[in-house]
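Hi there,

Here is the structure I promised to send over.

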Amino acid sequence: QVQHVESGGGLVQPGGSLRLTCAASGFAFSTYTMSWYRQAPGKERELVASISNYGSMIRYVDSVKGRFTISRDNSKNTVSLQMNSLKPEDTAVYYCTAKRGWFQKSPDYWGQGTQVTVSS
């Protein structure tokens, strides 16, 4: 059974930091591209960051470049998103996803999501 367990969300002030972690199981983690999506109220879901199976390819949406860092540990089946200099517009539910190929459009698996709220 595929499982993604996301943790690390919460309430933080603007300029603060959070680290999201996703622990995955039930599939061949090291062969999958892992990504973080987010969805804010009333907005479309957005791809935030992706990392290829061994980390050789990484991409970010322009709005988080220089502030967010995606990483993975294949020995622990985890993927993380370090978020620094957070802004109110980063407020959203963040989802951990997995897909078989870097160029595949839609993820195969989704986590349940974790709420990130940036507010003073």
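**A buried aspartate and its partners**

In this predicted model, a salt bridge joins the side chains of D90 and R38, at 3.0 Å from N to O. By salt bridge I mean a side-chain nitrogen of Lys or Arg within 4 Å of a carboxyl oxygen of Asp or Glu. D90 lies in the loop between β8 and β9, while R38 belongs to strand β4 (residues 33-39), so this pair ties together parts that are 52 residues apart in sequence. Strands here are DSSP runs of E with at least two residues, numbered from the N terminus.

A few words on how to read the numbers: residues are counted from 1 along each chain as its sequence is written, and side-chain values use heavy atoms, with hydrogens and water left out. As the model is predicted, local features need pLDDT of at least 70 and side-chain atom pairs count only at pLDDT 80 or more, whereas totals for chains, interfaces and linings use all residues.

Back to D90, which has a second salt bridge partner: its side chain also meets that of R67, at 2.8 Å from N to O. This pair again links distant parts of the chain, with R67 in the loop between β6 (58-60) and β7 (68-73), 23 residues from D90.

How buried or exposed are these residues? D90 has 0% relative accessibility and therefore counts as buried (under 20% relative accessible area; exposed is over 50%, partly exposed in between, with a 1.4 Å probe and protein chains only). R67 is buried as well, at 10%, and so is R38, at 6%.

R38 has another partner too: it forms a salt bridge with E46, where the closest N and O atoms are 2.8 Å apart. E46 is partly exposed, with 27% relative accessibility. Through shared partners, the salt bridges join R38, E46, R67 and D90 into one network. The structure holds 5 salt bridges.

Finally, leaving aside residues up to four places away in sequence, D90 touches R38, R67, F68, S85, V116 and V118, where a contact means heavy atoms within 4.5 Å.

Best wishes

Key
Helix = DSSP H or I, 4+ residues; strand = E, 2+ residues; numbered from the N terminus.
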